[in-house]
Amino acid sequence: SNPGGAVTGVQTCALPILHHPDWTTFRWMLEEMRISLFAQELKTSLPVSDKRLEKFWTEKLQSTLPPA
């Protein structure tokens, strides 16, 4: 029995693809994009744009997705 529906044990990610290094890079690129859009005075640690994000997606990530 699991009173109250509490989470027990170690939970694993349903999408192991999210632990792929390229996905981590893409996530950080998105964070940098947010900074460039909403907190420009902070500057970004790497150049980022919608074109760079799209290129990274097409060249690195699209092929890592499971078939639909």
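Colleague: Before we start, what does "buried" mean here?
Modeller: A residue is buried if its relative accessible area is under 20%, exposed if over 50%, and partly exposed in between, using a 1.4 Å probe and protein chains only. Phe 26, with 12%, is therefore buried.

Colleague: What sort of model is this?
Modeller: The model is predicted: local features need pLDDT of at least 70, side-chain atom pairs count only at pLDDT 80 or more, and totals for chains, interfaces and linings use all residues. Residues are numbered from 1 along each chain as its sequence is written, and side-chain values use heavy atoms, with hydrogens and water left out.

Colleague: How many aromatic pairs are there?
Modeller: The whole structure contains 4 aromatic pairs. Rings of Phe, Tyr and Trp (its six-membered ring) pair if their centres lie within 6.5 Å; planes under 30 degrees apart count as stacked, over 60 as edge-to-face and the rest as tilted. One of the pairs is Trp 23 with Trp 57, which is edge-to-face, with 5.5 Å between centres and 90 degrees between planes.

Colleague: Where do those two Trp residues lie?
Modeller: Trp 23 is in helix H1 and Trp 57 in helix H2 (residues 50-61), so the pair ties together parts 34 residues apart in sequence. Helices are DSSP runs of H or I with at least four residues, numbered from the N terminus.

Colleague: Is Trp 57 buried or partly exposed?
Modeller: Trp 57 is partly exposed at 27% relative accessible area, whereas Trp 23 is buried at 14%.

Colleague: What about Phe 26 and Trp 57?
Modeller: Their ring centres are 5.7 Å apart and their planes meet at 55 degrees, so this pair is tilted. Phe 26 belongs to helix H1 and Trp 57 to helix H2, 31 residues apart.

Colleague: Which residues make up the ring cluster?
Modeller: Trp 23, Phe 26, Phe 56 and Trp 57 are linked into a cluster by ring pairs.

Colleague: Changing topic, how many salt bridges are there?
Modeller: There is 1 salt bridge, a term for a side-chain nitrogen of Lys or Arg within 4 Å of a carboxyl oxygen of Asp or Glu. Arg 34 forms it with Glu 31, and the closest N and O atoms are 2.7 Å apart.

Colleague: How far apart are they in the helix?
Modeller: Arg 34 and Glu 31 are 3 residues apart in helix H1 (residues 21-38), which means a separation of about one helical turn. Arg 34 is partly exposed at 45%, and Glu 31 is partly exposed at 28%.
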